[in-house]
Each structure stands twice: as structure tokens, then as C-alpha cells.
4 protein chains.
Amino acid sequence: MEAVVLGGSSLTHMALRLAKALEVEYVKVETRKFPDGEKYVRILGDVEDRIAIVVQSMYHRPDEYLLEYFLIVDTLKDLGAKKVIGVVPYFAYARQDQRFKPGEALSLKTVTKLIENAGTDELYTVDVHRHRVEEAEFPRITRMPVHNVTAMPELAKYAIRAYDLKDPIVIGPDAEAEHWARVAAEAIGADYDYLEKKRISDREVEVRPKRLDVRGRDVLIVDDIISTGGTMVKAIDVVRREGARRVIAACTHPVLVEGALARVLEAGAEDVIATDTIPSPISRVSVVPILAKSIKERLRS
Amino acid sequence: MEAVVLGGSSLTHMALRLAKALEVEYVKVETRKFPDGEKYVRILGDVEDRIAIVVQSMYHRPDEYLLEYFLIVDTLKDLGAKKVIGVVPYFAYARQDQRFKPGEALSLKTVTKLIENAGTDELYTVDVHRHRVEEAEFPRITRMPVHNVTAMPELAKYAIRAYDLKDPIVIGPDAEAEHWARVAAEAIGADYDYLEKKRISDREVEVRPKRLDVRGRDVLIVDDIISTGGTMVKAIDVVRREGARRVIAACTHPVLVEGALARVLEAGAEDVIATDTIPSPISRVSVVPILAKSIKERLRS
Amino acid sequence: MEAVVLGGSSLTHMALRLAKALEVEYVKVETRKFPDGEKYVRILGDVEDRIAIVVQSMYHRPDEYLLEYFLIVDTLKDLGAKKVIGVVPYFAYARQDQRFKPGEALSLKTVTKLIENAGTDELYTVDVHRHRVEEAEFPRITRMPVHNVTAMPELAKYAIRAYDLKDPIVIGPDAEAEHWARVAAEAIGADYDYLEKKRISDREVEVRPKRLDVRGRDVLIVDDIISTGGTMVKAIDVVRREGARRVIAACTHPVLVEGALARVLEAGAEDVIATDTIPSPISRVSVVPILAKSIKERLRS
Amino acid sequence: MEAVVLGGSSLTHMALRLAKALEVEYVKVETRKFPDGEKYVRILGDVEDRIAIVVQSMYHRPDEYLLEYFLIVDTLKDLGAKKVIGVVPYFAYARQDQRFKPGEALSLKTVTKLIENAGTDELYTVDVHRHRVEEAEFPRITRMPVHNVTAMPELAKYAIRAYDLKDPIVIGPDAEAEHWARVAAEAIGADYDYLEKKRISDREVEVRPKRLDVRGRDVLIVDDIISTGGTMVKAIDVVRREGARRVIAACTHPVLVEGALARVLEAGAEDVIATDTIPSPISRVSVVPILAKSIKERLRS
């Protein structure tokens, strides 16, 4: 395969690991800042007539990493790269895919178009917020193929192994997360369910697992993202009140606003795990193997 | 005129002042950050079928301000704006307009294309680094008209008035700055010159004013930008050594890396002044009137 | 006078200007950051047996500037400085001087004690929030003398001159700001008043100038600080509704959270001015002369 | 034990985990920022007459975390805490323990004194840079007891287990790291050595393991810190050139300046591991158990 892998400064180590997994060359990118804050970018290797795979995530300072990405991709095209494949493990601007209020920016559309216009021919990302945007939605805003790889199976397998869970139930914290629960559960042959809000009376809302009884069971709660931790804390409260024996929390993207991790642990999760799409203290599962597998299959075909 | 002015968060007050100067409506833009660092943008006014003038500078956190700009412009077009005029008083990514080393990003090109692709129909900026890029260079990288307005006359007039300079000489710190010196000098009917490097021997280089004698004269040194202050400090050293009576330093863009201002003052400048393209402690001259004048003339025609 | 002036990285240029005003030596401080974020500090001059005056403000990144200040002061004492005088034009941690809720930090006390314990013998600051802390309050928390210099007279004089105000009234936006209005008014021989909240009925509150009629008058609204701009915007609304002819807003400390300046201008202030305790686009009045005067008087005595 | 554990915002999750390990109450701390950048701190629990253990690390924004720590500790004393035990897993200001150049700040001394003066009665930290400062050095600058706990045994045990190393040699990258290598090696019953610089001629320096032959052996390189990765990269180069079979790199504190991790992996380390004193993508080993053990022993006695 005549491909090379490059990394933006958000995830150089993941770029290196992806190159190893794909058994292709790793090309270094020099990046630094000028005094007025602008980035300097230089590609330190030969990319002419090659497929260039660029890894860059969008956490903490997404705008800085995006600009750097645009500079890298445009330069790769200038230098004669045959094709540019973007790998954006955490895709930040995915919240706003419709105008909830008049005048709002459709950031998902704008950012996706910028990524495409910068010269990206194909895009890989991981578990883009489902209740916000599906893979199926991208074709409406871009002609660039977008592949939304899921880390749920790996998270579930890791949880089973690391915490020795017995006959666990996988739970999504809300209806939108049922999808994640199902994908994770199927990978480990487990049951799954999600937490449903039921209006009991004018003033009471009950939140409970929709179908299954978690009493005395080991529970793995899965979601795409833990940001402030609010959704996860509520879910932990519910399954504990319902009598769960043990509770492990898992997510793909550990955004983890300050204090979120402590809040989730304090709510009664035995532990919390995530992937490395965003570097974090709980990034136990790497998305490199699943990205490598997905990329390999397409490059071969 | 059916135009409106909007401001990105870098310069909302300048947007407001520009709206007043142009006697058109000021439309507010709501901006805030989500916990993962991504920006939320909302246009709080009617822009349909109108010319939208968007003010955003590129200092300190240029990438964040650029992304915000892209979101604003794309939204304006979605909302039916007839035309989008970008006003970027300080254009940061202007250093790299050619590959000094192989593999370098041509950031000027990439950023200009991104600005155009985001939906900008016409761009105003102020004193883009001449030794790096001229107005004449933009047509090679973009079809979007780019207007490079100069603040040098206003800086010179302010200096004369505020410091009561007597028959001053305007000096550019190097050959590339002769242009700035000439434009500033013409506005106040003064002489101008620049500092020339002359090789005296294998080991000696002499730096002196090329044509004029500054002995006993009031000197105004002008440049496009003061960043670390290095260039300006050397120029002040030279004119003082040559016997200048008084020295005032002026620049359009006060990037002012930490300590730069003290360094320039310590070198012997009586004072340092700049415009407000970047908010700073020395931003004495506003670029609003010259931008307003330039925009008005074109909108009328 | 055997004193020297040094500046932390927040205000090196003010340190230099203060040294000139006091006609004493300016001693440079080298500062930079290690990769883990810690600061390196080095005093580049002789301070043994001298009075060292250290200028450092507390805006934007107050904690970083404070730590730097502690390192500078402790080093000065190590190097044999006879006395250390701190000059902190904007004193950030002045909000919390009592426990509004149980368990709250009394940051004013903690930070003042840290400043004292680091080796400060005497402290100058400018217009510390009056409704929060008076000069008279410091003796309760520190034995170090604290001098609270006011910039109100200079702000008022500048406003009169720059905007050619005719027989103006100086207004404080609330009862706590009456003090500022009085001090500013006395300096220019003007009337002053403040805006009073009056409960009209259970549901109505009326805000009006307590004593004076602003109809047809030029009004200068003064406060210690403009942060989000909320208080100032309300005050402008009131005096305009009451028929003021012209309105200028002024404050000592332009904290100016993003967008604040545009909000105040949009509310109808003709212009907004402030001092340079925090660098800002509206820092028209320098506190150097008043600090120099106050320090000189005490050093002489 | 009448103790409680509290966490600064750098490591709330570690505070919670330490509370669990010590089987004592976890007391929440509310922290947020005012618009001018100053921190608000509130202790949300009862600490009167109790031993308060405060966890706060010093990475990324050490000054902000330090100020927060000072505010927490001073408040704890105000609220009647009997004793305050500081737990600072990564102690940033440990570089400058002597004046290498005249006028330099002795930051280790200044920061330690500030920590003591804020009200800390006893301090725990982990693997403070040995070539810079030993536990034995603290008594010269503070009367507060300082306990320097080592994570080397846990790192070594984890490496053996996770990578199935066969009869490994533990190597320190330089003479100063021999200590770390010895402590790590003893924990797993392995040989250890360090890399020695030998001057071969005027122009050549040879770097080699001092005593042992690494040919065909599994090597674990250990150091206290990986910052830019330079030292570690050189060490990996040497042991690979000397014929090591496998190389794993380990450190206590993963400061990891941008790109450092990729550099170390690219140099040929099979993997890199670290502790969680600084959250990082390679924080595989928690220091909670060793801190808990050390604190428990002393609290009991």
C-alpha cells in the first residue's frame, strides 16, 4: 500500500500507532506557533503520489486543531498527494445539525464543508453523536464519503475482561443511547436496555429500565460521550436504586469537564472507562485497531 | 444603503463603531463555548437580501476567531444575505506566502481560500505585511477582491499632533518598510528615509539612514507591526546614535509579545503608538474611519 | 532615592514608565515558561540594599501573575533588597471579603496574606472595589501598609477635556458608587449623584437619580470596574430615559468580558474610557502619574 | 480515623479514589472562575476538628492550581480543620533549587514556603526529581514534614505483567536516574544499570550501559519525568544499538510536551507507561494505593 500516516499535534502518538497498525510509513509534521498565535506547519517527508492519512482530533482547542488540519491537508495536496484521508476520532462540531432557534449556525455543516474544501477526499470518525447526527446524514451536506466507526464493541469487551462482569446487562442512559447499548451488548452476547422516562402524574416522572430488571445484576452503562457527567450520574442513580449489584460506566469520548469524573465515581460507578479519541485519565481502550481495520478494508478494495 | 454590520467576538466594539460610521444597522452575534471547546454562534437580526459586513480580527487566538468567522459567514449565506463583506483589520496568516523550506504550508493561501470558500464575497484588511504580501498578490490565490487599506497617514497625523513634532523625518526600520515611511511622510508633508545595511568589511555591517541626516531632528519610525520589538529597538538605537533629537515609534498592528513594549520604550522611544486592529495599551488611532471611508466609496459605486 | 522599579510580565511597560516618573533605575526581570507550565524568573540587576518597587497587575491570568510576583519578591529579598514595595494596579481577589455562604474562601484575606508572606513590605493599589473592601479593611487582615490610590479625578479631568462636556453631572450607577461619583465630581467642580432604587409597589421598582435632574445635561457615569457591562448598561438606560443630553461612561478597571464594550456603546454611551490598570482598547488614562506622586511623597517622608 | 479528603480541580477523581482507599469521607470543593479570571472556592462539608487531606497536582496550569490550593487550605484552617495534609502528586516547581545564574528565583524554596505559609502541616508528593531535590533537602527550606513517595516499584511490576518481560534489565537514562533504576529493579528482582557518558577522544563521547550487556535482553528504561522526550529518545537509541531485544519506557510524571509521546514511540520503544500524577494517554499506574499506604501508616502512628 503506497499510503503514509501523518498526525496533527492533537494526536501525534495515535498517528504513529496507526501507521504501525497499517504497516505504512509515518511522516512527521513540524508544528509551532508564531508570537501572534498563528501556526507554522511543515510536512517532513515525501507524499507525492501517495495516499496521505491525517489523524487529528477536536478536543480542548478544536479550532486550533482544525486550522492546523486545514493547513496540513492543503499542503499535502500542494505536494502532490494523490488522496487525503482524514481521521478525526472525536468530531467536536456535531451538536448543531439543525436550527433550534432562528439565526443559529449549523456548525456540523459548516465544519464538514470546510474539511472537504480544504482537500479531504474521505473522512473517518468514531461514534459521532447518534441522537445528533448519523452517518446517513453526512451525504446531505457533503459528497465526501464519511465513515463512522464504532468503538462500542471494544469498550464492552474490555469492561467484561477488566472487571470480570458476570452476565451483565448493558444500559443506555436514555432512548437515544439504546443504539449504543445494543451494539455493545451484541459484541459480548449480553442483554441490553435503556432508561425510559415515564410520566406518572402531572408532577411525577419515573425513570426506569424499559424492559429488564437490573436487581442483583452487573450493569454496564454506555454512552457516546461524558461531558459534565450529568446524564451518566442520573443513570447510575437509577440502576443503583433499582438494585444493580455492580455498575461500570463507559463512553467513547471522555470530554470530562473539570470534576465530571469525580461526579460519576461519586454517584456509585465502580469505575469509568473510555477510548483514547480524547486523551484522558480513563482512556483504557484504543480506537487504533478498529480504525486500522476499517481503513485497511477500504484501501484494499 | 441596505447593509448591516456584525462583529465576531474579537472586535464587537469595532463592529458597532463601524456601523455608526457607515450609518447602517448593527446586528448582534451571540457567541459562547460548549464544554468541549466548540463555539456556538447565532445571528440575532434580519440579514435577508442585505449586504452583511463582518468584522473579525486575528490576534491572540487567530484560529478561534477564524472558525467563528467561518460559522458567521456560512450562517449569513444560509439566512439569505445578498453579499458578505469580510473586514479583517489584522490578517495574521500572512507570513508564509512561499515555501522557504520544502514541505512548508503556504498559510496565506490556505487561509485566504478558507475565507473565500466560507462565503466571503469581498475582503477588507489593513496594512498587510508588505514585505510578505501585497494587495497585488491576492489575485493569484483568490478571485475574491481584497482591499488593503493603509493606516499610515492617520498614524503620522496623530503623532505630529500628539507629540508636537517639529519638521520630523519619517524613517522605516529597513528597506521593506520604506513604503510605509513614504506613505506616512506624504500625509504630513515630511521627509522620509529608511535604514540601510551596508557591508563595510568582512566583519562589519553598518546600519544608517540611506539618504538623510537625522542629527538634531525629530524622528517618527514607522512599521507595519511590532511583535517582539526587535526590529524597532534596533532602529531606535541607530537613529539615537545618529543624533536624533526626539524619537516616536509607530506601527499599525501592536502584536506586542510580552515585554515588547517595555523593550521599545527602554531603547529610547519617547512613546509608541499603534492602531486598534489589535486591542493594546498603545492603540491610540482607530482604523474605523479609514475602513468606513473605503467601504462607503465602493458600496456607493 | 536608592530605589529601583521592576515589572512582572503583566505590566513591564508600566514599570518602565513608573521608573521614569520616579527618576529611578528600571531593573529588568527575565521571565519564561518551562514545558510543564512553571515560570522561570530572574532579576537582571543589582538590588542589594535598595528599595525595590515591583509592578504587577492581576487581570486575565491573575494566578499566573501572582505566582510570578511571589517569585520576584522572594528573590529580591534573597538578593538583599532593603524593602519591597508592591504596586498592584488591579487587585483581582477583592470580591470575597466575607463568607456569603458557609465554606466560602475569603480570597481577599488569603491573597493579601500570601502577598505579605512572600516578602512585600508595603502595597499600592488603585480603586479597590469600595462596596467590597475599603483601605480601612486591610489593617484587619494584614500588618503590611496598603495604599488605595484613586484614579477618579484623572478620569473626570480627561473626560471633560476629551469630550468637551458642558457643566456635567457625575453619576454613580448605584449607592455603592456614590463615593466614586463624589471624588470624580470634586476634581472637576461638578455636581454628582447616584442612581437609587425605589420600590413603588409590590411589583414595581423605579431607578432614578436620587437628587438631581439630568434632563438636557451632559452626564459622566463613573464606576470602579466594567466587567460584563451589565451595571453600566442599566445606568445608561436610566439617564437617557431621564433625558440626558450626552452620556460618557468611565471606569478605573476595564475587565471587559468579551462583548462588554459593544454592549455599553450600544446602550447609548457616546464613548467609554478607563485607565491602564488593565490593558484595553479604552485605556485612555494612565495611573502612572498618580502612583508616582503617591509613592514619591511616602519615600521622601 | 477522623480525616476527610478534598480535591482541587486538577485531580478531583484522585481525591475521591484516595478517600475510598483510606475509607474516610470525601468532601466536595466547589470551584469556578469569575470573569476577570479569579477563582471562587467553597468547601461543601464539615471539616471542623478533622484532619483535612487536600489533593492537588501542578501540571499544565500549575499557578492556577497552586492558588486554588492556597485558597482551599486557608479556608480549611478558618473552618477549624485540626490539621491540613497536602498531597501534591506532581510537584512542578522543583527545577530551580539553586541559583545557576545570579538573580535567579529559587522557585522550589519560594513555592514550598508558600505552601507551608498557606497552612499546610504536612506534605506528600511522588518522585520529586532526584537530581534536583531529595527528600533530605526539604528540611533546609521548610519545617513542614515532606514525604516523597516512590512509584517506581509499581511501574516496574506493571511493566513486567503487562508486557510479559523476560528477565529484564532496568536502565536509567543517565547517572542521576540510577537511583530510579535501582528502586524499580529491586521491586521485581531484576538487574539494573544506567547509561554512562565516556569521553573517548577530544571529539567523541560514547554513551553505553555502565556495567551490563543488554544484547538480546528485555529492557525497561525508567525516569522520573518525560517532558520533551529528548532524554528518553537518546536512551532508547543507545539500548537498541547495543542489541536490546525489547524496550519499554516508563516514567512517573508524563508531562509530555506536544509530540513527545510520538517521538519516544518512534525511537523504538514498544510502549511507554506512566502514573496518573498527571492525566495522560499513558497513565496506566495509579499512585493512589502507594499514597494511601504511606498516609495510613503515619496517621495510625
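Chain B meets chain A through 39 residues on each side, where two residues count as in contact if their C-beta atoms, placed from the backbone, lie within 7 Å. All of this is a predicted model, in which local features need pLDDT of at least 70, side-chain atom pairs count only at pLDDT 80 or more, and totals for chains, interfaces and linings use all residues. As for labels, residues are numbered from 1 along each chain as its sequence is written, while chains are lettered from A and ligands numbered from 1 in the order in which they are written.

On chain B's side of that contact, β4 (39–43), α2 (62–78) and α3 (107–117) of chain B each give two or more residues. Helices (H or I, at least four residues) and strands (E, at least two) are DSSP runs here, numbered from the N terminus. The largest share, ten residues, belongs to α2(B). Sort this side by class and you get 19 nonpolar, nine polar and eleven charged residues; Ala, Val, Leu, Ile, Met, Phe, Trp, Tyr, Cys and Pro count as nonpolar, Asp, Glu, Lys and Arg as charged, and the others, Gly among them, as polar.

Now zoom in on one helix pair across the A–B contact. The axes of α2 (residues 62–78) of chain A and α3(B) come within 10 Å and cross at roughly 110°, with axes being lines fitted to C-alpha atoms, for helices over the stretch in contact, and angles running from 0 to 180 degrees between N-to-C directions. That is why α2(A) is called roughly perpendicular to α3(B), a label covering 65 to 115 degrees. From α2(A), the contact uses F70(A), L71(A) and D74(A), and from α3(B) it uses S107(B), T110(B) and L114(B). By class, that makes three nonpolar, two polar and one charged.

Over at the other pair, 39 residues of chain D touch 40 residues of chain C. On chain D's side, β4 (39–43), α2 (62–78) and α3 (107–117) each supply at least two residues, and α2(D) gives the most, with ten. Chains A and C, by contrast, share no contact, and their closest C-alpha atoms lie 14 Å apart. Chains B and D don't touch either, with their nearest C-alpha atoms 14 Å apart.

Finally, look inside. The largest nonpolar core has 452 residues, and V222(A), I221(B), V222(B), V222(C), I221(D) and V222(D) touch the most other members. Such a core is a set of buried Ala, Val, Leu, Ile, Met, Phe, Trp, Tyr and Cys residues joined through C-beta atoms within 7 Å, buried meaning that 20 or more other C-beta atoms lie within 10 Å of a residue's own. Leaving aside residues up to four places away in sequence, I221(B) touches several residues of chain B, including I171(B), M232(B), I236(B) and V247(B).

How values were computed: A residue is buried if 20 or more other C-beta atoms lie within 10 Å of its own, exposed if 12 or fewer, and partly exposed in between; C-beta atoms are placed from the backbone. Angles under 35 degrees count as roughly parallel, over 145 as roughly antiparallel, 65 to 115 as roughly perpendicular and the rest as oblique.
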